[in-house]
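Please read the points below with the model open.

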Amino acid sequence: MTLIESFEKLDYSDALESSEEAQNWLDSHGRRFGQFINGKFESRSDADLIASLNPSNGDLLANIEVAGPNQLKKAITAARNALPAWQAMDGHGRAKVLYALARLLQKHTRIVSVLETLDNGKPIRESRDIDIPLAIRHFYHHAGWAQIQEREFSEYKSIGVVAQIVPWNFPLLMLAWKIAPAIAMGNTLVFKPAEQTPITAMFFAHLCEQAGVPDGVINIVNGAGTTGASLAAHEGVDKVAFTGSTSVGRAIRKATAGQNKKLTLELGGKSAFVVFEDADLDAAVEGLVDSIWFNQGEVCCAGSRLLVQAQIADKLHTKLKKRMQTLRQGTPLNKSVDIGSLVSQTQYQRVDELVQNGIEQGGELYQASTTQPDGNYYPPTLITEIDSSHPLAQEEIFGPVLVSMPFRTQSEAVTLANNSRYGLAASIWSENINRAMDVAPKIKAGVIWINCHNQFDASCGFGGVRESGFGREGGKEGLYEYLQPKLLKKVAKSKPIKVERQSSKENIDRTLKFYIGGRQVRPDGGHSIATYKANGSLATWVGAGNRKDIRNAVSAATKASNWSNQNGHLRAQIIYFFAENLALREDEWIKRLQEICGLTKKQAKTEFNASLSRIFSYAAWADKYDGAVHNAPYRGVTMALPEAIGVLAQIAPEEKPLISTISLIAPAIAMGNRVVLIASERYASIALELVQTLETSDIPAGVVNILTGNKTDLAEQLAGHAEVDGIWCWAEPETVAQVEATSAIDLKRLWVHIDGDRDWLDSQQGEGLEFLRNATEVKNIWTPYGD
Amino acid sequence: MNTNKLNTKSSVIDKELTEHDKKIISYPKMNLVDSSDADSKIKRNPGIDFNIDRISNITVNRSAVERRCASYAVRRSIKKQQQAAWLLKAISLIDLTTLSGDDTESRVKRLCGKSRRPLSPQLIKSLDIESLNLSVAAVCVYHDMLKTTYQALKDSKVKLAAVSTGFPAGLSPLPLRLQEIEYSLASGADEIDIVISRRHVLEGKWRELYEEVKAFRDSCGEAHMKTILATGELGNLSNIAKASQVCMMAGADFIKTSTGKEPVNATLPVSLVMTRMIRSYYEKTGYSIGFKAAGGISDSKTALTYMTMIKEELGRRWLEPDLFRFGASSLLGDIERQLDHFASGYYSASYRHPLT
């Protein structure tokens, strides 16, 4: 083409980023990678191989050896052996290592970006300008956290050996999200990249040595799903951090049930992109480009559900279709390309199949381009004229496919946005701050973007609610995922009661009822259980709860949702009033604790006073546990708001029944949760004896519900109930295991313990921020501003 | 082939696309204007009735505008021959401007000479572009310099543009401002760059603004009217968007960012907002309005970013002198050096090129 022809056309350049250096690097390693264990690469000639391909043209990048069981074990052992020294190292020592990793990545930005694009198919502009800089930022940011760990987290210690498994959509960025906080807080780890995209992790492994990462602190193993499953379920692992699909997350939840492992799951999503009539529509259109066509739509938090106010729907669709025409799709290494290739042929087929099948059930399909040459280039797609029951509006597609639905009012927008199993992220588009800030807390999601989408930073927590998983990555809130309290001391169980007599002559026969929806109700099944005093005589009868009682209690708690919207001051007033009313019954309680629990008068007094103090503590916290404003590098504020979990089921510990019951209920309701508590079996009457005080303390009906019965059975019912948002559980190992396994149904957030893990009387163990953190989930709200 | 990189930070070796790599499935064209033929005549905007509803709901989100602006330079690559072609095009889009209190005949003559021969004959020869017969789009001066300019530009295709209506503040009496237009037309001006009364925008007097601009347009007659918004003095992006709409309703042929005399002149965010308003006006009325970015665009890289924005938002057709201009004085010198580098492989010194 002559210069004059170019002058007439004014085309962009097809400027290909050179992949020479990256290809040379792959060649220099023989295009074969083994495992990175204890600071060394290990290769086995007989290993199974997985080919890592360039999805845009099918070229082989490298063969990856699948780690065998022995290598997995070796990696985990290496992490275990490296743990004591790494934990003992001071924060400054760890900070230097993280800082060195950040610097090294920065020095090799270009080759890393090219490797990422070759391996994943994403446009070089995205790997170079978004993925890799964010990964580097993550290491810098967490170098800082390591430095100040002793000061900021003095009551916590590292968890131990962490298994980390990531998907293929942001290979190095996910590596950074996982590895940086884990090692900053003194954990050691075994990391598994996705089998489709292991290359940048292999490059990173080579940097570890230069950065001075001690041998065994970071181990990287390769393999597909089965390798990941073995790693997650391995007994040598203390914690599993997984990012990936909801179905695999669910499998990991089940596989690790009963293993006493901490879990972080970042799973799928079908995030809403809500455009109100007063939005800047041109801004919203570009927001959609950032939202659903970023990374080919292979983003867990992609705004794949466009909800648009009816009166502007046509206008927005027209603008959007026009914009879709200027999106450029093609060779990912081309610097003038917006959308690259899907990660694999499998993924292409999956997306195509979902769209083909979906469209058969109705809907209007718009694709900017219909030409589809070889390669896995799926065109940007918009589907309109469907409703929320349509499969394409419910299923996560994980491709560049946007579905659009209209709404009429703000409340309908919220309802539609929340009409999903998922709850990862959402964006709200409106130039009216009143509206935006009103809607933000109402959408069930871990991240809310106002007038933007897909903004990320190391200083801000990321993670979901519902089936989008639990736990946060990034920000101070993300660090607790890699920490545990230092001060817990196990306590011994008290001796069993010798039952003396079946009847009591002293008093009128009492049968304590359940407390459900603000009323005392009889058990549905009509069965009762006897409870005994310390001396073996009959104390009272309590109900034996069943599935229907659970249903009624959860239903009452669900209805009491207004409690979660009350302000902290009002909740504090009510909780203080509860303490006041309880204090009036001091004599009665001291007598009861002596009789039922066999305490001395002094012990009873201590427990009672400690209980009152504990209620006061959480009344105090009710209007003080108030989140943070994160310092992300943009013009705007990111608010990290602790939000109530919602309906919280609590399986109470057996011992110290008064203070332990209060230690569970008080922080939960202080933070705005509604509680369904299953009382201690042995001391079932104690929790129920609180009912009269609860009734007289202005606590709204349904906020606290108390049942008694077989803990294991009731816990399982609660774990399987989809309206229960979270469970706190202190129980025997089998019950804990069952709760963990059953909760996989809807991936509830769990805080579970083998009963006897702490002394409830000790305020350092039985009270405080750990409880408040577990009674809340942090929502990050990004609000850019400027006029 | 010689390499020519404006972005010195990027040290990568670009290679031409091999057939194997050429899996590009969509390079669609924007169909904003039916014909993509650059020569097709556009219909002149006659203006439409004032309608407050068209502007009352406009709000512009600044952060979103800035995010979009950050993408043009990094998401679209213009290198080597393409870059030379775009820069040649940029020359043809320049309103070569001098608007100083110390302007004299000799300086204006020099400017006119440069406007007719923006590149040296040797460079034109080595680029093999004689047939383009390249010149800048217009020379832009104060009224008093028009006669000199007219003489100097006789027999050239360079247009004669005069700033008018009490430029730059626009605060002289309205009859005088209207008369100034007539004076300039009588002196041979093809294009009149008028300034709006910023106070109408800041006080929300949109109908007054409309009437003012309409009066200017009536005075302009056949001459093309560029409406200078002085965006640096309008307070915020929403005001800029509204003022753009009002001026187009009143019959502007072009909307222009700045006089060059405000504390902040053309910026990418402001330009994007105005460009989007041009698009929405086109979608509603079918009239294509031109855009002129003036002040502060002094190097080739910035010029390419603006042109990328125009191509992305409005399409290829807008990258012609009848729909897009740069108001600049030093930009040409930088483009010349870049083209020289493209032709020779080495960077030139400014003293080796004739003064602007």
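This is a predicted model: local features need pLDDT of at least 70, side-chain atom pairs count only at pLDDT 80 or more; totals for chains, interfaces and linings use all residues.

1. Residues are numbered from 1 along each chain as its sequence is written, while chains are lettered from A and ligands numbered from 1 in the order in which they are written.

2. Chain A has 30 helices and 35 strands (DSSP runs numbered from the N terminus: helices are H or I with at least four residues, strands E with at least two). Its C-alpha trace spans about 110 × 60 × 45 Å along the principal axes. For 787 residues a compact globule would have a radius of gyration near 28 Å, and chain A agrees at 28 Å (taken over C-alpha atoms; the rule is 2.2 Å times the number of residues to the power 0.38).

3. Of the 787 residues of chain A, 58% count as buried (20 or more other C-beta atoms within 10 Å of the residue's own; exposed means 12 or fewer, partly exposed in between; C-beta atoms are placed from the backbone).

4. The largest nonpolar core has 270 residues, and A:Leu98, A:Val274, B:Ile94 and B:Val139 are those with the most contacts inside it (such a core is a set of buried Ala, Val, Leu, Ile, Met, Phe, Trp, Tyr and Cys residues joined through C-beta atoms within 7 Å). Helix H8 (residues 171-184) of chain A gives the largest share, eleven residues. This core lies between domain 1 (26-267 + 479-485) and domain 2 (272-467) of chain A, because both give residues to it (bounds come from an automatic or database domain assignment). A second, separate core of 86 residues includes A:Leu593 and A:Ala775.

5. Strand E7 (residues 161-165) of chain A is largely enclosed by the rest of the structure, since five of its five residues are buried. A:Val161, A:Ala163 and A:Ile165 lie on one side, A:Val162 and A:Gln164 on the other. Five bridges join E7(A) in parallel to strand E8 (residues 188-192) of chain A (pairing requires at least two DSSP bridges). Strand E10 (residues 239-243) of chain A is also parallel to E7(A), with four bridges, and A:Phe242 there stands opposite A:Ile165.

6. In helix H27 (residues 711-720) of chain A, the buried residues are A:Lys711, A:Leu714, A:Ala715, A:Gln717, A:Leu718 and A:Ala719.
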